Amino acid sequence: MELLEAIRTRRSVRKYKNDLIPEQIIKELLELAAWAPSGMNTQPWLYIVVEGKDYLKTLSDHCKSYILEAMEALPAIQSYRTTLSNPGFDIFYGAPVLVLIFGNKNAFTYPNDCSMAALNLMLTAWERGIGSCWIGFARAYCGTPEFKEELKVPPEYQLVAPVILGYPAEPPGQGSRKEIKVCFHRK
Ligand SMILES: Cc1cc2nc3c(=O)[nH]c(=O)nc-3n(C[C@H](O)[C@H](O)[C@H](O)COP(=O)(O)O)c2cc1C
């Protein structure tokens, strides 16, 4: 698949097959993700690959409870209260793999750097027929000191990008984009 085609056709995938992704492929995708640019070439990312159907389901439940408890302080996501309260709603959509991209907060531009790596990951995955979706709902809980301790993530690393990966159960839709706002300032 050409790069332009991957950019145009990648969509967030929210329905996955049960098939696991071979470890070698995950490693290759993460290695490619790390070719992303980073401020001063600090490459401040740390990847944690979380797998296990039951574990991810339980993790989804923790993430939902955590957000629901903090809901009052999060006006932007009030409209998701009903969805997040649904016991059947899995924030990871049954994906077999969750990649947590942490950034070393001592690197000045770590949120930007890790977001760049995340997009590289999503595009290269798509090029290999693997779907993905950035799961913002996972960030609050998976970024807590308790959870980081469970994963043995050093305290100086902050969670930037939780991204699920898996083989799509159905082809994604076409998606849509707003008309771009652009102004050329030619002197
Ligand atoms: C920072 C960020 C957080 C997101 N969080 C979620 C999420 O928690 N759950 C979800 O289903 N999609 C999430 N998405 C996916 C967006 O909904 C999706 O990218 C957007 O609707 C555009 O669709 P597309 O990715 O198919 O082009 C997130 C995307 C980004 C960039």
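1. A nonpolar core is taken here as a set of buried Ala, Val, Leu, Ile, Met, Phe, Trp, Tyr and Cys residues joined through C-beta atoms within 7 Å, where buried requires 20 or more other C-beta atoms within 10 Å of a residue's own, C-beta atoms being placed from the backbone. The model is predicted, so local features need pLDDT of at least 70 and side-chain atom pairs pLDDT 80 or more, whereas totals for chains, interfaces and linings use all residues. Residues are numbered from 1 along each chain as its sequence is written.

2. The largest nonpolar core holds 44 residues, and those touching the most other members are C63, V99, I101, L121, V163 and I164. Elements giving two or more residues to this core include α3 (53–70), β2 (97–104) and β4, while α5 gives the most, with 9 residues; helices (H or I, at least four residues) and strands (E, at least two) are DSSP runs, numbered from the N terminus.

3. The open sheet has 4 strands in the order β1-β2-β4-β3, with antiparallel pairing, for which DSSP must find at least two bridges between two strands. Because β1 and β3 (131–134) each have a single partner strand, one side of each is left without a neighbour in the sheet.

4. β1 and β2 pair over 7 bridges, and I101 in β2 is the bridge partner of Y47.

5. K181, in the segment after β4 (157–166), is exposed (12 or fewer other C-beta atoms within 10 Å), with 5 such atoms in that range. K181 and Q24 lie 157 residues apart in sequence and 41 Å apart in space, C-alpha to C-alpha.
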